[in-house]
Amino acid sequence: MKENNMKKYMIFLSAMVILAGCNDDFMNRLPKDSIVEENFWNSEGELNQYVNAFYPLTAAFAGHETYFTLSKLISGDLQSDNLVPVNYNAVAAGEYVMPATGGGWTWEYIRRANYFLNRYQKAAVTDEIKNAKAAEVKVFKSLEYFQLVKRFGDVPWLSNDLNTDSPELFKPRDSRALVMDSVLVDLDWAIEHLPAPQGPAAVTINRHVALAVKARICLHEGTFRKYHGIAGSEKFLALALEASGQLIGAGTYRLFTTGNPEEDYATVFGSLDLAGNPEIILYRRYEPNLLGNGTVRTVHDNSIDAGASKSLIESYLCIDGKPIGISPLYKGDGTIEDELTSRDPRLTQTFVYPRTKMQKGFPGPAIPGTDFASSSLSAGICPTGYQLAKYWRDDQVEYLRIQQGILDAPLIRYAEILLIHAEAAAEMGTADQALLDKTINLLRARAGVGMLLLSEVESWQGNSKYLSDYSNINSALLNEIRRERRVELAVENFRYDDLVRWKEGKLLEKTVRGMKFVQSVYPRVEVGKDIFLDNEGYILPYSKSLPNGRVFNESKHYLFPIPTEELILNPNLVQNPGW
Amino acid sequence: MKKKVRFLTKPLDYAYIMRLSSVSLAFVCIATLSVFAVNTSDAQKVLDRRINVTVEGIVLKEGLNQIARAASVKFSYTHDVALSKERIHVVARELTLKEVLENALAGLPFGFEAVNDKILIRYEPEKRRQIRTDPAHKVTASGQPSAERPVKGRVVDHNGEVLPGVNVQIKGTLKGTVTDVSGDFQLNVPEEQAVLVFSFVGFEPLERTLAGETELLIELKAAFTHLDEVVVIGYGTQKKVNLTGAVDQVSGNELQNRPITNVSRGLQGLIPNLNITNRGGSPNASGGLNLRGTTSINGGGPLVLVDNVQMDIDLLNPDDIESITVLKDAASAAIYGARGAFGVILVTLKQGAKDRKPVINYTGGMEFNKPTYLPDLLNSWEYMGATNLARQRRYGTVVYSDEQLGWAKAHFDDPANNPSYHVQPNGSIFWHANVNNFEELLQNWAPAVNHSVNINGGNKAVSYFASVGSRRQEGMFRDATDVLKRYNLLVNISAKVSDRLRVGFKTAYTNKNYNEPHRYAGKGSSWWEQMTRGVPQILFPIRTPADAPIPDAPTEHFYNFLHSGSRTVTSTEVGRYSIDAELDLIKGLKLKGDFNYQTTHVDFKDEQKEFGFIRDRWEYQYNQTTPSYIRKASDKTDYFAANAYLTYDGSVKEKHFFTGLLGFNQEWSRATGFNVIGNNLVTNSVPVLSLVTGEVIPSDSEQEWAIRGLFARLSYSYKEKYLLELNSRYDGTSRFPKDRRFQFFPSVSAGWRISEESFMTWSEPVVNDLKLRFSYGRLGNQNLANSYPYITRFGVVNPVQYLFDQGFALGLNPPGLVSPDLTWEKASTTNFGLDLVVWKNWTIAFDWYSRKTSDMLVAGEKLPAVLGVNPPDRNAAELKTRGWEFSLRYANQTNWGLSYSVAGVLSDYLSKITKFDNNPNKLWGNYYEGQTLGEIWGYETVGFFQTQQDIDNAPSHAQIAGVARQPGDILYADLNNDGVITWGDNTVTNPGDKRIIGNSTPRYQFGFTGNVSWKGMDVRLFFQGIGKRDVFPKGNFYWGQISSAGAVGTREVFYNSWTEENRDAYYPVYKQDASYNIQEQTKYLQSAAYLRLKNLSVGYTLPQTLTQKVALDRVRIFFSGENLAEWSGLRGNFDPEVVLSEEGQAGTFGQFYPLQRTLSFGLQLSF
């Protein structure tokens, strides 16, 4: 009996071991809840989903990352001569420190694009569909390269997604010319393969968006080369003119206007729904309970802790279309109220006229030491007195949504296209009155400012009261076109790039000033403690923190440094000059 | 019963219904278990009947009949019994039937067994054979007994506690008995001079010559050296003297009666180089387990097996643990192959005792918890003044006007008559209340209640252990606090099915529920971090004042977010079902097997309710509370483990001893989960997914892994003098591709018991045992977090944070990269050990080891950023950890009954990177070759700039921060004399002016235990600490505004910072955003060395004479305190043990759940 039992046990055991041992599937476990390379690239849906992920990431849509974060949207103004943050900006002050890693040297989205571009052909869908998706990706790639080139100049051009053994990892930088030509090729291909939009105000990339991107990039590259002495500027200026011309000719877009110059400009930036807005080429949507931003609140509370520079305020024309030095309407800057009177209506749609808008009923602008200055949240300090109003709307409901606000964000405006067209033509010397009338003067008309007349402008050149901001040009027309651009696109992240491409970095060294301070208006403010003034009574926001002023080194600061660690990892990379 | 309930609840005093009901639940359980116990031991009960009978030398059958009548039971017997001519002789007065039969049949070839209510007498020829070889028994066996007399007695230990289960034997005979549960025995001894031998595990054997006494009180002396102690090892047990690897074992007693939330915390300081990291004091926090220092760059801790199956040790009820064994070196752990690379912890749960009357034990306690340390934060006006000062120094401006400061001071001094807010001209409210968050939010003593009941017993065939335990612990908050509840159930049954086969069944169930306040994004995300914020946490009152436009409404103060009613509940259920069997094949050869199924179910529910609060306007705001949502997640893991193995035990000529083991193991696990978020609750009161109006976003997951291995052990011992052991495992894992899936991991260990050598006889009076050990082994590590490390997957973004024409959409991220030659990480350990017992009472052990972890999967080989993705993991690094551990134990007892013991453990380790290809330039942001782990790079502090002239004369500090320095800022030393202070290339070769200034590895970790007991009193003291450790303080709590504008900070830093008047201050000038002054540097490097009174327990066992009157065998009351006191040089009011939130990283001081001091009062009952 017991012998038998024993045998039974042994047989049972062996059977178990054998059964387990034979089953090879037991050790083969594959992911069941995610997509792997082998089962991808089949359908149109897969391509769409891949491309979707680009939208919130692309740094080229500056300030429009996960949320419509104002501080990012305005970073190009904060580090320029437009906006003055309470704590000075390290880039604008020439105090940017070379980082060990990061510092804008990011290649994640280039890889993301190349990964797609090397594989999308596998998908079993029509060429039309997959090429349209590839074209979208190429626009993202172009925008990303545009960022890199603006920041670093020469950068390696990559047309494949790399692996750990790719020789491209250690390649030296490619010339700016090669990179930008490659970007152009990509953009032209994209423009060819993208569908045309049904109408204005798209939320995704279409042919017109690509054209606008091309115009923007070409103007930047054309002027950059011209003023920094690099060959090939004419080609890019011509392409900028052509691309903007195509958009103008397409007739899809026009400036938004209701015939009310006091409000129309502001309405574009204070709109809860930009769908169908004729001025919008591309925008970002926000909807209740889905995606939100805190823009209106941020502006209302002045949480950006910055104000406009005197220099920006002064560049606004008077309502007659003449600069403040020339116009008889200018009332001087004895008080801030005087200063803002009879000016280009865009001025008070961009910055607060005291005691109007969100300041209704309050004594004055938010400068340090005034009652208004510190809310209990110790934010809201306006160091110059000129408080931001753009992106604000008079809407308590939106204000109370806080971070869940639904203000839509314009990403590419038709106004920029008009400015590109005018500037490119002027740089090429082909801007005539007709061209100005269908570009700059459309902007002036919407704003209710006197027209730009070629004949008149040329006469200012010799007027001692006419001040040109720019040292590198000797053309009043170009000066006025740049003025128009600075004013129209104020606080839209363009100013720093503009100074760089015009080679006007020295403008950053001009003493940063705020409004003229009137003690009787601000009885609580203690000069020498709360604020500091220059001899003429203008506020000097940085007299304490930057006693020696801001520094701009012409031979160094037009480009950013490559992070030190990258130079060690790839000995073929050479640091930008001066760093 | 009723009386007892009242007695128990009295110290609780808190009339929490929860607690009362859990007490009654415990008693219901006792009752149930008692019934259960009685039912299963009918047979036992029969044998326990006490009878009076006199049988004087009559024939067996007749004699048995007489006994049967006296006991009113039926005997059934075989033919052999009826025909036997043997005569029996027994005189019994109040003896149990069992004892009567044992005496009557002693020396006869018959045995007995109770079957249900009958007694079976059967023929057992082996018994006679034994007896025949024993000449002393001839008299009895011949049926002509010499005169005998009954002797009875009781065996106790030095405390007077009774000892059940002690062997009592008449010397030179096989005749004997065992003491019962009251420590009593009764035995018939021959009239002539007899010697009784008492023996019991853990006590020194005692011989007692009888000189006519009939009643004895025997006191056994505890044995202070455990040469015959048996230690649990992988798939078996081993006598401690025969161990060749580095193995330590602690008894479950070390954990019991201590107010520890979980087992891992309780193990701290008990075993040298079992390093426990406390990660804060949340009731739900588990201690990090580590054996012998840094294991791998990728982390990796010891494998924890509870009765052979992997399990979270913190889900156990400490009272259920019999022992915990730690296998430290590769040779001991080798049998666990690919999972044991970094040591193995074997937890053995309690089992039933054989042949024993059921014993019921109850342990219960009430605990009170209080944070060990809280930072001494600035109050409202101090904070506002500090803010102004800090801002003015940095930016030249102030934040608060003098008037505002005045309002705050007035309210602070006289809150009743001064408002806590002012409305500013622009309509915004300026709050200037003063909330001391620690006082307002924390309860003084957070209570916890513990109950544990078990029953333990068995007969010859079946033994059982069953327990239920419950614990309820409250967190630190006064209201709406987090609460942990844990319930444990364990049933462990072992049955001898036949002579050859034993089968065991085990069910273990744990239910843990942690219910905490929901963490609103940006508000409650870290409660402890929030407390560093001046606005709104200090300046906002909790509710608006009664006379405000919106009276008594919640403000933005985070108290209101904690108390919003939104909760996050995690409940974990683990069910374990096991069968094991053991079959004797032939002599010495056994086949063992077990099959285990463990199901883990984690249910998660997180709700965010919308509510309005007042911030800076008189209107309700909802921003951080919207959208309301409900998130539910459910994860289920099925885990199967099967083991089958043959063991062999044999010897040749009593000189050569062999054991062998050959086995097969396979395990597989499948985890599936769902996670659904529904936005916009229809109503706050019913937060369910079916009642939402917003988006519903589901996600799910499914993962599997499997391992399979063959293992073998061969050990050989020559006269227990020369010991050799070979362990190996051939292991495979699903985590690697097919062609690289299996690996062979061998190990060898040897021991030499020098004290057994003849040439050592001279040392015998001193040296009782001396053993040298050596081991070497190599193990693989497959415990990677990722189940599919060799497969790249697309990432899913759901939804993409961008609104397309159709709304939200799904997005896909491209897959990352995988190294093509991915393979096993390996760990090999060399170990030298020494075990020594001297002067009987001193036990000493020392081990030195060196562990090399090679082929470490390195996360992120540094490659140029143009790669555009994280570089893939590669097996590219090697780490060497060297360390040692020492333990010492001394135990003794005085003649007057005081017994005492002291034990100390001390250990140390240090790890070095010996190979790291991916960082040839030795950037210190990454690992680099030659790096000692834990090292802190920093500047050398010269002191403060006292004057502008100092600044002008000093080397430029601009690279650290391009900010003009002011007096009171830190002057760093120009170590490389280049005239500027820099960090060079951030490399070891060009560190600029940085150097290694310290090391955060905890060195010389120690534990020190003292036990004293005397006459029912027992006292235990347990100290624990770290001998050396550097930390660099970081974070808002410590540095306040220097670290971050708006942080409250401590008085420690604010009042000890540099000013014109206080130029010798310790801290730099207090100003905002001056992180350049608080770079890692020599001056502010702190020592986190500490000595902590981890536990103090005092217990008193009531005299049995007293307790037996109420039918209790044992009553012990105790007090136990945890983390009672500490000594440390750490500055500021921070707990030295948990200054680092992450291991090896200088963490943010104080920004986590504080560790707690615990006072516990408890009661233990046995009956």
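Which residue in β21(B) does B:Ile321 stand opposite? In this predicted model, B:Ile321 faces B:Leu349 of β21(B). The report starts from the strands around this pair and then turns to chain A and its interface with chain B.

**Strands of chain B**

Strand β20 of chain B covers residues 321-327. Six of its seven residues are buried, so the strand is mostly covered. β20(B) pairs with two strands named here, β15(B) and β21(B). Strand β15 covers residues 247-251 of chain B, and B:Val250 stands opposite B:Ile324 in β20(B). The pairings are set out below.

| Strand pair | Sense | Bridges | Residues opposite each other |
|---|---|---|---|
| β15(B) and β20(B) | antiparallel | five bridges | B:Val250 and B:Ile324 |
| β20(B) and β21(B) | antiparallel | six bridges | B:Ile321 and B:Leu349 |

**B:Val344**

Strand β21 of chain B runs over residues 344-349 and includes B:Val344. Is B:Val344 buried or exposed? B:Val344 has a relative accessible area of 0%; the cut-off for buried is under 20%, and therefore B:Val344 counts as buried. Beyond its neighbours within four places in sequence, B:Val344 is in contact with several residues, among them B:Thr325, B:Val326 and B:Leu327. B:His601 is 257 residues away from B:Val344 along the chain, and their C-alpha atoms are separated by 25 Å.

**Confidence in chain A**

Chain A has a mean pLDDT of 89, with 91% of its residues at 70 or more. Residues 372-378 of chain A stay under 50 in pLDDT. For this stretch the model has 29 contacts beyond four places in sequence.

**Interface of chain A and chain B**

How many residues of chain A are in contact with chain B? The count is 90 residues of chain A, in contact with 99 residues of chain B. About 8,400 Å² is buried between the two chains, and carbon and sulfur atoms give 62% of that area. There are 15 residue pairs in polar contact between chain A and chain B, counting pairs with both residues at pLDDT 80 or more. Four salt bridges cross the interface. In a salt bridge between A:Lys32 and B:Glu704, the side chains meet at 3.1 Å, N to O. On the side of chain A that touches chain B, the elements that each supply at least two residues include α1 (2-22), α2 (44-52), α5 (108-117) and β2 (280-284). α1(A) gives the most to that side, with six residues.

Note on methods
Residues numbered from 1 in each chain as written. Chains lettered and ligands numbered in written order. Heavy atoms only, no water. pLDDT = per-residue confidence, 0-100. Contact = heavy atoms within 4.5 Å. Helix = DSSP H or I, 4+ residues; strand = E, 2+ residues; numbered from the N terminus. Buried < 20%, exposed > 50% of the residue type's maximum accessible area, 1.4 Å probe, protein only. Pairing = 2+ DSSP bridges. Buried area = accessible area lost by both parts, 1.4 Å probe. Polar contact = N/O pair within 3.5 Å; in protein donor to acceptor, adjacent residues only side chain to side chain.
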